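Take a look first, then work through them with me.

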Amino acid sequence: MTEIRAEMVANVWKVVAAEGDAVADGDTLVILESMKMEIPVLAEAAGKISRLAVAEGDVIQEGDLIAVIE
Amino acid sequence: MIAVYSEADAELPFVTESDEAVLIGPAPAAKSYLDADAILAAAERTGAEAIHPGYGFLAENAAFATKVIDAGLTWIGPPPDAIEQMGDKISARNLMASAGVPVAHGTAEPVIDADQAVAEAARIGYPVMIKAAAGGGGIGMNVAPDPDALRAGYETTRSRAERFFGSTSILIERFIATARHVEVQILGLADGRVIALGERDCSAQRRHQKLAEETPSPGVDDQLRDGMLAAAIRAGEAVGYRGAGTVECLVDAETGEFMFLEMNTRLQVEHPVTEMVTGIDLVEQQLLIADGADVSFDPGELRPAGHALELRVYAEDSVRFLPSPGTITRWQEPSGPGVRVDAGYTEGNVVTPHYDPLLAKLVTHGADRDEALARMRAAVAAFVVAGPKTNLAFHAELLDSAEFASGKYDTGVVSRLRP
């Protein structure tokens, strides 16, 4: 199981993947926006997304859970 | 002086140091700093007589300028039609070409799809730069070395253009691989004359956004400077310019030719370097010109002295340049001869993810470039910021790099330090 967490305070601009999706290492899961910059959050392992903890428009803090890959 | 602010900025110095401050909305800019009606309501409620738009948000918005004037207030900026004409990169290109200002090879009409982009690029020659006609701040700009990259880049630029600027108008220009970004500060005086106050070199950029600026440009000799300043004056005259504006150009490092890039119809972030060598307060001139008065200096007696540098201190890490919001737990500015700090934050402030990462502008002046550089190295070493990560460590590296130190650098200097 791999937990993907936020590296910084940001707004969730786009949710690209969905719960249940099979992803490869390096696939884009969500795109965050901070200080006018778009920051893609990538899958750090291949597997199935068992949980996607953010929705578009959410404000997330550093360390918040974004997704879980099984 | 009355400031307007969003909920995110309530504790910042520009609010706490103002005579009066008005809350105009929540953090998202669309509901506060871009809300023209909220700003005009604040002006009416406080009895403000004039509006200075700063250099972000609505500063280059002709519709806002018109609303300000229609409300019977003084707009501290150029005439709305000058903003309009320069706001669209395609119309600005065409207007400049007809005024005798050199422009890059490119398209004179919006490019409507990827097929047309490929056809135009065959005429212009690769590599090409794809740009949003309504764009700014480097957003949505893509370089394409071949037709496949052009097709992909066209779609990316188009979607960003729609999202950020509400327009899908796209233009394509020849991309100059080895270029310096040099711009000319102009002032349109109340009596109608347009004067030029010298150039600024802004070649040190990351993601097409400026990191460091200096004047005079180490890559511009007297002959090139004369040509650029004369062209910038023609550019301003062509749109009946009033107030402070900047004509941005690219200088081809190989041929020494310059070409018009765009005009910023507002005060710019990097205006302090011009102030340091001319001794002129540009904001004061903006206020005088908006009031219909003479400027505070004799335009015929303008003698820039010495050399000035500016570094943009951003809340971003020094390695990947990723945003780093957070609470500032320590803030200690450098000081000394020839050192100026224009800061937007101080100790205890929270840097939020909502806006630009610019924390402060660190400026030094010296009798020559070496002295300005030496003062800047010392100032960077003495600037202490804790909490958010900053790019100060990167700036120390930039100043010490052989390329920047020599003055012989181009727009690729930052990417060579951070491949």
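**Exercise 1. Find where Ala132(B) sits, and say whether it is buried or exposed.**

Step 1: Ala132(B) lies in strand β5 of chain B, residues 128–132. Before going on, a word on the ground rules: this is a predicted model, where local features need pLDDT of at least 70 and side-chain atom pairs count only at pLDDT 80 or more, while totals for chains, interfaces and linings use all residues. Residues are numbered from 1 along each chain as its sequence is written, and chains are lettered from A, ligands numbered from 1, in the order in which they are written. Strands (E, at least two residues) and helices (H or I, at least four) are DSSP runs, numbered from the N terminus.

Step 2: Count neighbours. A residue is buried if 20 or more other C-beta atoms lie within 10 Å of its own, exposed if 12 or fewer, and partly exposed in between, with C-beta atoms placed from the backbone. Ala132(B) has 24 C-beta neighbours inside 10 Å, so Ala132(B) counts as buried.

Step 3: List its contacts, meaning residues whose C-beta atoms, placed from the backbone, lie within 7 Å. Leaving out residues up to four places away in sequence, Ala132(B) touches Gly140(B), Thr157(B), Arg160(B), Ala161(B), Phe165(B) and Ile170(B).

**Exercise 2. Work out which side of helix α2(B) is buried, and what the buried residues pack against.**

Step 1: Helix α2 of chain B covers residues 36–46, and its buried residues are Ile39(B), Ala42(B) and Ala43(B).

Step 2: These residues span an arc of only 100° around the axis, so they sit on the same side of α2(B). The arc is that of the directions from the helix axis to the C-beta atoms.

Step 3: Turn to the other side of α2(B), where Asp37(B), Glu44(B) and Arg45(B) are exposed.

Step 4: The buried residues of α2(B) pack against β1 (2–6), β2 (20–25) and β3 (50–51) of chain B.

**Exercise 3. Describe how α3(B) and α4(B) pack.**

Step 1: Helix α3 (residues 62–70) and helix α4 (residues 80–87) of chain B have axes 8 Å apart, at an angle of about 175°. Axes are lines fitted to C-alpha atoms, for helices over the stretch in contact, and angles run from 0 to 180 degrees between N-to-C directions.

Step 2: Angles over 145 degrees count as roughly antiparallel, under 35 as roughly parallel, 65 to 115 as roughly perpendicular and the rest as oblique. α3(B) and α4(B) are therefore roughly antiparallel to each other.

Step 3: Ala62(B), Ala65(B) and Thr66(B) of α3(B) meet Pro80(B), Ile83(B), Glu84(B) and Gly87(B) of α4(B).

Terms used. Two residues are in contact if their C-beta atoms, placed from the backbone, lie within 7 Å.
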